[in-house]
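This report describes the ligand site and the pockets of the structure shown below.

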Amino acid sequence: MSRPLTVAAAQLGPIQRAEPRAAAVDRMVRLMEQAHRRGVQLVVFPELALTTFFPRHYHADRAEADHWFESAMPSNETAPLFDVARRLGIAFHLGYAELTPGGQHFNTAILVGPGGDIMLKYRKVHLPGHAEWDPARQVQHLEKRYFEVGDLGFPVLRVPMGGLPGVNAGMMICNDRRWPEAWRVLGLQSVELVMLGYNTPSTNQSAAGFEPPHLRVFHSHLSIQAGAYQNATYAIAAAKAGTEDGCELFGNSIIVSPAGEIVAQAETWGDELVTADIDLDRCTLGRATIFAFDRHRRPEAYGRITSQVGATEPAVWAAPAPSPSGRGLG
Ligand code: CDT
């Protein structure tokens, strides 16, 4: 049985610090309209898609950063996205900074259905970077300053999409894609479609020249392709790309099949719709054979995954004492 869906990673070119949300939303609406012309049923936008990647900017008073956050979704400024989704009958995924009524701050993503309903929400778990100004860095990465660790786990929900009555949809955000634990928690809920947005600088300032830009892209793709293959799921990964506030983000948005192959990839570092016709039935091969979790997983051997955070050092091998005969254990 075939379960076809036409999907898009909607890569965004840079959004400069002074650019208002309305301008970013306008660009996204144009991508949704383009998607409609191509028959797309789901559009995935990047992490923190409404503004510049503001964690590179330091605010001594954290409350001063609140203007980067959304306290309502939809709001007056984001309503056009919900309107165009309803008008065109397209679902979309949006990453944004969330300020809750209780004053909590999260790096959040939502899946909005073609009727304009928020069907699924995820809050980023793996927050990279640091919490305080780092004088050694040319560009700050202050996610640990501005966001709390997500409190929703890694949810998967069966949602109607396109003409399909049910698609097992899950999300992660940017740095999460590098952690196999995140993928496996989604895989253990039979995820078929992982949506993820990212903002990744081309330069690793901590790598002292040992991680050139092509390796940064390789590591991103490697993580997504491995995660998709090992959990028999499609993945749609949408980047923010280009030079934003003087900092280069590498783009290279991709759509990956459950076989781990890239089936579509961005060609530019600007606003670009990367589309693919996928068949969710292709998720069944992996999960029925090599990754049939119920038959092959060995959780009794995986205790460290949840009981331990940092790595310990292994015991040191000790040479056996020489035997009186001069022979070893043989
Ligand atoms: N946004 C985000 O999570 N970016 C990270 C790079 C962090 S560099 C301190 C990533 O893993 O792509």
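Helices (H or I, at least four residues) and strands (E, at least two) are DSSP runs, numbered from the N terminus. The structure is a predicted model, in which local features need pLDDT of at least 70 and side-chain atom pairs count only at pLDDT 80 or more, while totals for chains, interfaces and linings use all residues. Residues are numbered from 1 along each chain as its sequence is written, and side-chain values use heavy atoms, with hydrogens and water left out.

**Pockets**

A pocket is an open set of points on a 1 Å grid over the protein atoms alone, where a 1.4 Å probe fits, with protein on both sides within 12 Å along at least five of seven lines; its lining residues have an atom within 4 Å of a point. A volume is the space filled by probe spheres set on the points, which are joined across faces, edges and corners.

The largest pocket has a volume of about 610 Å³. Its lining comprises 14 residues, with Pro180, Glu181, Arg304, Ile305 and Thr306 closest to the centre. Two or more residues each come from α4 (180-187) and α8 (303-307), and α4 provides the largest share, four residues. In the classes used here, Ala, Val, Leu, Ile, Met, Phe, Trp, Tyr, Cys and Pro are nonpolar, Asp, Glu, Lys and Arg are charged, and the others, Gly among them, are polar. The lining of the largest pocket divides into seven nonpolar, three polar and four charged residues.

The second largest pocket holds about 480 Å³ of space. It is lined by 26 residues, and Arg137, His141, Pro201, Thr203 and Arg216 lie nearest its centre. Strand β11 (residues 247-250) gives the most to this lining, with three residues. By class, the lining has seven nonpolar, 13 polar and six charged residues.

**Ligand site**

The ligand sits in the second largest pocket, meaning that more than half of its atoms lie within 2 Å of the grid points. The residues around the ligand (a heavy atom within 4 Å) include Glu47, Phe53, Lys124, His141 and Asn199. This shell divides into three nonpolar, four polar and five charged residues.

The table gives polar contacts, that is, pairs of N or O atoms within 3.5 Å.

| Side chain | Ligand atom | Distance |
|---|---|---|
| Glu143 | nitrogen | 3.2 Å |
| Arg177 | oxygen | 3.3 Å |
| Thr200 | oxygen | 2.6 Å |

Taken alone, the ligand exposes 360 Å² (Shrake-Rupley method, 1.4 Å probe), and the protein buries 89% of that.

Methods: Polar contact = N/O pair within 3.5 Å; in protein donor to acceptor, adjacent residues only side chain to side chain.
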